[in-house]
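Trainee: I am new to this structure and would like to learn how to read it feature by feature. Could you show me the general idea each time, and then the case at hand?

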Amino acid sequence: MTKGVITTLQRMSVHDGPGLRTVVFMKGCNMRCRWCHNPETWNPHRQVQYIREKCIRCLSCAAVCPNQVIRPSEDGPELDFGECRACGICADACCTGAISLVGREVGVEELWNEVRKDIPYFLNSGGGVTVSGGEPVLQKDFVREFLSVCRADGINTAIETNMAVKWADLDEVSPLVDFWMCDLKMSDSEKHKKWTGADNRTVVDNILKMAAAGRRMTVRTPIIPGVNDTAGEIEEICRLLAPFSGTVSYELMGFHTLGFSKYESMGIRNELEDAECLPADQLEELKKIPVKYNL
Amino acid sequence: MDAILDNKLRNLRARKLEQTKEKIQKEGLLDEDDYGRIVPPEGLWNIMPNNPDGSFYGYDAWTDNFCSLMNVHPVYVDPDDAFAGRWMYFMSKMRKNKWNPEYPYDHLKPDIEKYNIICGIGDDAHFAPDFRMGLELGWGGLTEKIEKYRKINDTPEQIHFYDLHLRAIKAVQGWILRHIEKIESMAAEEQDPIRKENLLEMAQTNRNVVSGVPRTLREACQWIIWYHLASRTYNRDGAGGQIDSLLQPYYEKDMEEGRINDDIAVYYLGCFLINDPIYWQLGGPDADGKDQTSRISFLILQAADKINTSLNITVRVYDGLNKDLFRKSVEYLVKNRNGWPRFSGDKALVEGFMKNGYSAGLARQRIAVGCNWMSLPGLEYTMNDLVKINIAKVFEVAFKEMTGGADCSTDLLWKIFSGHLSAAVQTAADGIRHHLKYQKYNEPELILNLLSHGPIEKGTDVSDGGAEYYNLSIDGAGLAVAADSFAAIEQRMEKEGKLSWPTLIESVRSDYQNEGGEIVRNILKNSSHYGCEGSIGEKWALKIRDLFVELIRSQSEGRYKFIPGFFSWANTIAFGEAVGATPNGRRAGTPISHGANPVPGFTVDGASLALASSIAKIQPAYGNTAPMQWELDPSFAREKNVDVICAIIRTHTELGGTLINVNILDRDTLLKAHENPAAYPELVVRVTGFTAYFSMLSPRFRQLVVDRLVEN
């Protein structure tokens, strides 16, 4: 059976599709959105994470590291993330869970066994399973097999994707997906490339093809202060989606900094470190625009 | 709602807050229910002891004390209120001792202390009266009933028994009559025509119910209030009933005859609910399985929303429950964030109770009328919520015994633990037997006898064979501490070999203060927890559950059926103080886990669903509860998520859950209120099965609520 690499499961999500859902976060992404609140999902391989707040400075990790990439200091261990081979010996020695491994290889059956315990909640709430990431379609074979199992048990399925993948791959997964959540982060391709590392031509093409195929879909734009927080940006995307207003809905999501602590814990530089959250009233104002387009 | 009536309810609510403030100022803090009680005038009444120990015992003394108090009990009339009366005296708590020294239980005391058992000997009430009987008979009818059976059961002892009950009724009637005089004099002086009219109607209502049978909604509510206030005064009895069904005929008749409209009904119901936060049930099946939801069920919720005090309303969830009532009740929970209503699970309660040999029809009538408990109104004596075994303490005794010997293993620990749990259960059950044998000589249930089926008919106290059924409750507390301790040992020592026995023993003995103790504590604390499905912790919790259930059930004999539950009430702090450090990384003296709940912080993700599934699975399943104490994240508990909250509640009950107590508390508000409780007089928390004003809790109890929220 195909194996997939995931970071975690999130139970009881109410933000990733209808009802109560379990979200499976796949590891590995082909974009590097600077505001991403899941940077631990970028790298497709296993990594070490260090959460300073959980650490009691016992330095057991430094003592066992076979590669000497953990240096003891008064403030606790200092990890050289670049040199770490993610062998996991330090995580095993850590008594508080401050150091842990992110990234777990799972088989479909193993994953399903973890997810299925919430089936009664899915059924009573109209919820189900959402595969997210990272970019889940990069692991399309695993995702397809997993969604087939969900479907066989009558569980509602959804995918959150950046759409920057081959149409053929999307098309392959598509019959197993009840609901699509697709990001279109900005309308201008150059700007898109600057902020996410990839241009948006494939994204737009795939969204339009998906919409034309009549797939139930929500397109989402994270509103980032100073990047895409203008009415003009939103209007442009609305015009693109308006012809599909029956099947496609459009949702704006406010930028927040809740995931920023993960950057430090993964040893990743956070380019938006000092950014402020989007003011609620500004978001509310922008949310009026899609309504005009029946989206 | 009519502006005048709305304003009256606002006034009553403001008055209620003032009364609570006064209670805190004069009487200090109280880690209990609000009870609706107000402060009595100083020096008006005190108990009349009949024993050199300064307490009073037996039929005569209880009757003398009660009647003496009723004769002088202050009257309480508020011109904004539809009803007269408030209670003021904790008569039963004013005694120095609660058990008659002529019936000692010294033989049980060593094990009671050893296992930290709350034995319940001498405790009272905690079963339900049948309010329907009271409404059908009135005080006059109850008097006639007693007189009828006085002629049938005519031994001198029985005649005396009846005479004392007649005295008690007369004393209550005298109290009502003094209220009528007061209301009439206030009406005569009242200049405001609306208030005057209200007072005149209040006087007539009371004249009608002083002996007669209630015939209107207002009279029915007032009758229930009088009975309840008398019973509260007598021994704090706070049991309610199926309030929508009880009041439905009066509401419908009043509407039919044009006496009231819905605004007036909501006003009456608001006044009724503010009188005392009694445990009422709404919705759920009747004996035949038909849903009891009616128009008045919605009006009761509406009235509750208007007053929004420390209410204890439970909605009975089952397949046939009116969907709109269920959704509305969750809307109010989310809107007010005041811990009401709670939700009970009909399926598991009925199926569980039937396993005791009862019919489905009877099981459906066993409703949520107390803190964590169900009862058959008027039909059973239960000792619900009165007898508790500290399972964490039992574990500690076993752990100490094993570690004092040469061999150590979870197998051996389990064997020793099983023996001690068996001894603890035996002690608790023997305590109940002792109580049943002598309680009538200690504290007869003079008031609850009146609305029970049997005591009057047989001429004997409800505790002494008068009741139809004896379903006796023993609850376990601290389950998660014991289960996680077993799990931590199995995982860290036997499976992983991370710790040695000497290290563990020394760390636990020194309360983790030894060198390296904090590392050991964290290793243990971060081990497998009960609450995570399929975990080692869950395996141990289920094993303890199975043993506990078997031991309790094996105590049943003849009419006495013993029923297990998991509940700690407000005892988590005191129980914790009695237990040293435990191998789950818990420090000495800190609170034990709450009821059937996992330890706070047992999982980082999806805690609500893990909690709901685990507690549904851990149920003892014989008709008593193991409540799910649910600290619901305020960012989740919003109007837009009402349907998914409904889904979680429904799923929990379908999976086997029996009762859900919910708190929705904002962390910042709670922290500020903890620092300055007086500034947050309206903040209500569901401490366990009961709600309480946060400002009435002692600092250490407030801390417990804060810790529970923060760690979850």
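**Reading the sheet, a helix and the contacts**

Mentor: Let us begin with a sheet in chain B, an open one of six strands in the order β2-β3-β4-β5-β13-β12, with mixed pairing. Its edge strands are β2 (239-242) and β12 (628-631) of chain B, each of which pairs on one side only, and from one strand to the next the twist averages 25°. This is a predicted model, in which local features need pLDDT of at least 70 and side-chain atom pairs count only at pLDDT 80 or more, while totals for chains, interfaces and linings use all residues. Residues are numbered from 1 along each chain as its sequence is written, and chains are lettered from A and ligands numbered from 1 in the order in which they are written.

Trainee: How should I read the strand names and the pairing, and which way do β4 and β5 of chain B run?

Mentor: Helices (H or I, at least four residues) and strands (E, at least two) are DSSP runs, numbered from the N terminus, and two strands pair if DSSP finds at least two bridges between them. Here strand β4 (residues 312-317) of chain B and strand β5 (residues 342-345) of chain B run parallel and are joined by four bridges; V317(B), for instance, has G345(B) as its bridge partner in β5(B).

Trainee: What does the length of helix α11 of chain B tell me?

Mentor: The expected span of a helix is 1.5 Å times one less than its number of residues. For the 14 residues of α11 (residues 323-336) of chain B this gives 20 Å, and the end C-alpha atoms are 20 Å apart, so the two agree. Just after α11(B), R337(B) takes a positive phi of about 50°.

Trainee: Which residues of α11(B) are buried, and what do they pack against?

Mentor: A residue is buried if 20 or more other C-beta atoms lie within 10 Å of its own, with C-beta atoms placed from the backbone. In α11(B) this holds for L325(B), F326(B), S329(B), V330(B), Y332(B), L333(B) and V334(B), and the buried residues of the helix pack against α10 (295-307), β4, α23 (642-655) and β13 (659-663) of chain B.

Trainee: How is chain B divided into domains, and how many residues are in contact between them?

Mentor: Domain bounds come from an automatic or database domain assignment, which here gives domain 1 (32-104 + 130-236) and domain 2 (110-127 + 370-600) of chain B. Their C-alpha centres lie 37 Å apart. Two residues are in contact if their C-beta atoms, placed from the backbone, lie within 7 Å, and by that rule 33 residues of domain 1 of chain B meet 24 residues of domain 2 of chain B. On the domain 1 side, the elements that give two or more residues are α2 (58-72), α4 (131-152), α5 (156-189) and α7 (217-235) of chain B, with the largest share, seven residues, coming from α4(B).

Trainee: How many residues does each chain give to the contact between chains A and B?

Mentor: The contact takes 17 residues from chain A and 20 residues from chain B. On the side of chain A, β1 (3-13) and α4 (119-125) of chain A are the elements that give two or more residues, and the largest share, four residues, comes from α4(A).

Trainee: Which strands does β1(A) pair with?

Mentor: β1(A) pairs in the antiparallel sense with strand β7 (residues 104-107) of chain A over four bridges, and five bridges join β1(A) to strand β2 (residues 21-26) of chain A, again antiparallel.

Notes. Axes fitted to C-alpha atoms, helices over the stretch in contact; angles between N-to-C directions. Buried ≥ 20, exposed ≤ 12 C-beta atoms within 10 Å, placed from the backbone.
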